[in-house]
Amino acid sequence: MTSLPMAFDLLRDAALKDRIAHHLTCYAKRLQRIELINLQSNPDLLAALMSYFSAGELLLDDDDMDLTKLERVVGYVNRQVN
């Protein structure tokens, strides 16, 4: 689902674009908001969060924000399979 918006402008088929727009909005409506708060006062949670983000998938540049200094993280999850 995350790659569809990137490819959307490259598509020429209007019917396919309509289907993508429909499915993306249906997917977005099912997402639930979660918040991790007070990270600085909970070292175990901060360590778990850093472990999750540093599993090889997230490659930060030198000028990116320092995730260890965050106090709150907001994310969206889909709790069931489409």
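Reader: Lysine 69 first. Is lysine 69 buried or exposed?

Author: Lysine 69 is exposed, at 63% relative accessible area. Exposed means over 50%, buried under 20%, and partly exposed in between, with a 1.4 Å probe and protein chains only. The accessible areas come from the Shrake-Rupley method, and for residues only the protein chains shown count as cover.

Reader: What kind of model is it, and how is it numbered?

Author: This is a predicted model, with local features needing pLDDT of at least 70, side-chain atom pairs counting only at pLDDT 80 or more, and totals for chains, interfaces and linings using all residues. Residues are numbered from 1 along each chain as its sequence is written, and side-chain values use heavy atoms, with hydrogens and water left out.

Reader: Back to lysine 69. Which residue does lysine 69 form a salt bridge with?

Author: Aspartate 66, with the closest N and O atoms 3.4 Å apart. A salt bridge here is a side-chain nitrogen of Lys or Arg within 4 Å of a carboxyl oxygen of Asp or Glu. Aspartate 66 is partly exposed, at 40%.

Reader: How many salt bridges in the whole structure?

Author: The search finds 3. Arg33, Glu35 and Arg72 are linked in a network.

Reader: What are the N to O distances there?

Author: Glutamate 35 meets arginine 33 at 2.7 Å. Arginine 72 meets glutamate 35 at 2.3 Å.

Reader: New topic. Which residues gather in a patch of negative charge?

Author: Asp61, Asp62, Asp63 and Asp64, on the surface. Patch residues have over 30% relative accessible area and no salt bridge; like charges are joined within 9 Å, and nonpolar side chains (Val, Leu, Ile, Met, Phe, Trp, Tyr) within 5 Å. Asp and Glu count as negative, Lys and Arg as positive; His and the chain ends are not counted. The place of a charge is NZ of Lys, CZ of Arg, CG of Asp or CD of Glu.

Reader: Where is aspartate 61 found?

Author: In the loop between helix H3 (43-53) and strand E2 (72-77). Aspartate 61 is exposed, at 53%.

Reader: How many helices and strands overall?

Author: There are 3 helices and 2 strands, in the pattern α-α-β-α-β along the sequence. Helices (H or I, at least four residues) and strands (E, at least two) are DSSP runs, numbered from the N terminus.

Reader: What is the radius of gyration?

Author: The protein has 17 Å, whereas a compact globule of 82 residues would have one near 12 Å. The radius is taken over C-alpha atoms, and the globule rule is 2.2 Å times the number of residues to the power 0.38. Buried residues make up 7% of the 82.

Reader: What about the phi of asparagine 38?

Author: Phi is near 55° there, a positive value in a residue other than glycine. Most residues other than glycine have a negative phi. Asparagine 38 lies in the loop between E1 and H3 and is partly exposed at 42%.

Key. Accessible areas come from the Shrake-Rupley method with a 1.4 Å probe; for residues, only the protein chains shown count as cover.
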